[in-house]
Amino acid sequence: MTNNAKPEPRPGILDISPYVPGKSALEGAAPVIRLASNETPLGPSPKALAAFARARALARYPDGQASALREAIARRYGLNPARIVCGAGSDDLLSLLAQAYLGPGDEAIHTEHGFLMYRINILANGATPVAAPESDNRADVDAILARVSARTKMVFLANPNNPTGTYLPAGEVRRLRGALPSRCLLVLDAAYAEYVRHDDYEPGLELVAATDNTVMTRTFSKIHGLAALRIGWCTAPDAICDVLNRIRGPFNLTAPAIAAGAAALEDAAHMQKAFAHNEQWLAWLTEKIEGLGLAVTPSAANFVLIHFPDHKGLRAADADAALTAERILLRRVEKYGFPDALRMTVGTAEENRQTLGVLKAFMASGGASS
Ligand SMILES: *Cc1c(COP(=O)(O)O)cnc(C)c1O
């Protein structure tokens, strides 16, 4: 009798290339400028840090409903707490949504340069990812609609998107929802919503309230500066919240995360400071980097996508090497379909100036890597 069959993962899983996070460390003790993961240069609210430090009952299981956090979110956004589900980062919720609504034979659409976790979550559940082309590095509603088939169960849209930083105005998102089949779940990933300063932008709260097939996810990893604690949330129709609550981990948020997240939301002044810092330096970086002769995709978020003219021998990989030699870490984005670009997070004033200085020297050198 032969008995050498091995455990096999479900189809699709071995097609996944593991997500590679932005670099965050270098050899040696000298300081590193970390602009590869869209973290805030201002750090978390002092109120969130204080709440984290007070959460010391570590022998006790956390509140499995994360009630204090859901109530704080509900107050801040005028929502019913019953329509809020929290997760260990919004990654947790994106994964649960895919697990609940996708399976073999289903298709799910993401955009050409969309956040890589969508594709991973689709494949992990045996479904087929379908990439919709973008125009000018921006999601294209007609291109998404053109890829809808009888099997399409879900559309993932990051708004604004990472790594492009571009966004769709509310009217376009509504047009998309209106034209998608009602069986098709629209997932609006609004991880950077707090940074957007355009009047025609909406994260999706109204659309979620007005339809029974739209979900909006949010995170505490970006403007709130709590990426290490892994806190995300979504608002969704009752039936979808019910589904997520059946399959999520019963204690998927830690007690320190619940406490710190709730406190962060109460600190409107800290959020305003982070927004104002970003507004100022996003404009500064865009202008100065374009002044070096590099193209920058117009960003609504807290990072810029910088395009290097490969045909002139100015390669993104060499720029990355020159920056890394100065202990500055940006994000390579070839896996997002941008072999000739780097993504830079808005940093502190000093970090932004230093990075610009290295880019300037790189351009002046004609692109030689140091
Ligand atoms: C950073 C980011 C998130 C947030 O992920 P968390 O799991 O909440 O840390 C989600 N979506 C996009 C597009 C992001 O860039």
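Predicted model: local features only at pLDDT ≥ 70, side-chain atom pairs only at ≥ 80, totals over all residues.
What covers the buried residues of H4? The cover includes H3, strand S3 (107-111), strand S4 (128-132), S5 and S6. The protein chain holds 12 helices and 13 strands. Its radius of gyration is 21 Å, close to the 21 Å that the globule rule gives for 370 residues, so the chain is as compact as a globular protein of that length.

**The chain as a whole**

- Along the principal axes, the C-alpha trace of the protein chain spans about 60 × 60 × 50 Å.
- Of the 370 residues in the protein chain, 54% count as buried.
- Take the contacts in the protein chain between residues at least 6 apart in sequence: 75% of them join residues at least 24 apart.
- The protein chain has an accessible surface of about 16400 Å², and carbon and sulfur atoms account for 53% of that surface.

- The buried residues of H4 are Leu 116, Met 117, Tyr 118, Ile 120, Asn 121, Ile 122 and Leu 123.
- Just after H4 comes Gly 126, which takes a positive phi of about 80°.
- Helix H3 (residues 90-101) is part of the cover over H4; H3 has 12 residues and reaches 17 Å from its first C-alpha to its last, close to the 16 Å expected at 1.5 Å a residue.
- H3 has buried residues too: Ser 90, Asp 92, Leu 93, Leu 94, Leu 96, Leu 97 and Ala 98.

**Aromatic pairs**

- Searching the whole structure turns up nine aromatic pairs.
- One of them joins Tyr 118 and Phe 156, whose rings are stacked at 4.9 Å centre to centre, with 5° between the planes.
- Tyr 118 belongs to helix H4 (residues 116-124) and Phe 156 to strand S5 (residues 152-158), so this pair ties together parts that are 38 residues apart in sequence.
- Both partners are buried: Tyr 118 has a relative accessibility of 1%, and Phe 156 has a relative accessible area of 1%.
- Tyr 167 and Tyr 201 form an edge-to-face pair, with 6.0 Å centre to centre and 75° between the planes.
- Tyr 167 lies in the loop between S5 and helix H6 (170-179), while Tyr 201 lies in the loop between strand S6 (185-189) and helix H7 (205-210), so the pair ties together parts that are 34 residues apart in sequence.
- Tyr 167 and Tyr 201 are both buried.
- Tyr 118 and Phe 156 also belong to one aromatic cluster with Tyr 19 and Phe 115.

**Charges over rings**

- Arg 76 places its charged end over the ring of Tyr 77, 5.1 Å from the ring centre.
- In a second case, the charged end of Arg 343 sits over the ring of Phe 303, at 5.7 Å from the centre of that ring.

**Leu 342 and its surroundings**

- Leu 342 is found in strand S13 (residues 338-345), where this leucine is buried with a relative accessible area of 0%.
- With neighbours within four places in sequence left aside, the contacts of Leu 342 include Val 304, Leu 305, Ile 306, Phe 308, Ala 316 and Leu 323.
- Other contacts of Leu 342 include Leu 330, Arg 331, Arg 332 and Val 333.
- Pro 298 is 44 residues from Leu 342 in sequence, and the two are 14 Å apart in space, C-alpha to C-alpha.

Conventions: Residues numbered from 1 in each chain as written. Heavy atoms only, no water. Phe/Tyr/Trp six-rings, centres within 6.5 Å; stacked < 30°, edge-to-face > 60°. Helix = DSSP H or I, 4+ residues; strand = E, 2+ residues; numbered from the N terminus. Buried < 20%, exposed > 50% of the residue type's maximum accessible area, 1.4 Å probe, protein only. Lys NZ or Arg CZ within 6 Å of the ring centre and 35° of its normal. Rg over C-alpha atoms; globule rule 2.2 N^0.38 Å. Contact = heavy atoms within 4.5 Å. Areas by Shrake-Rupley, 256 points an atom, 1.4 Å probe, with all protein chains shown as cover. Expected span 1.5 Å × (residues − 1).
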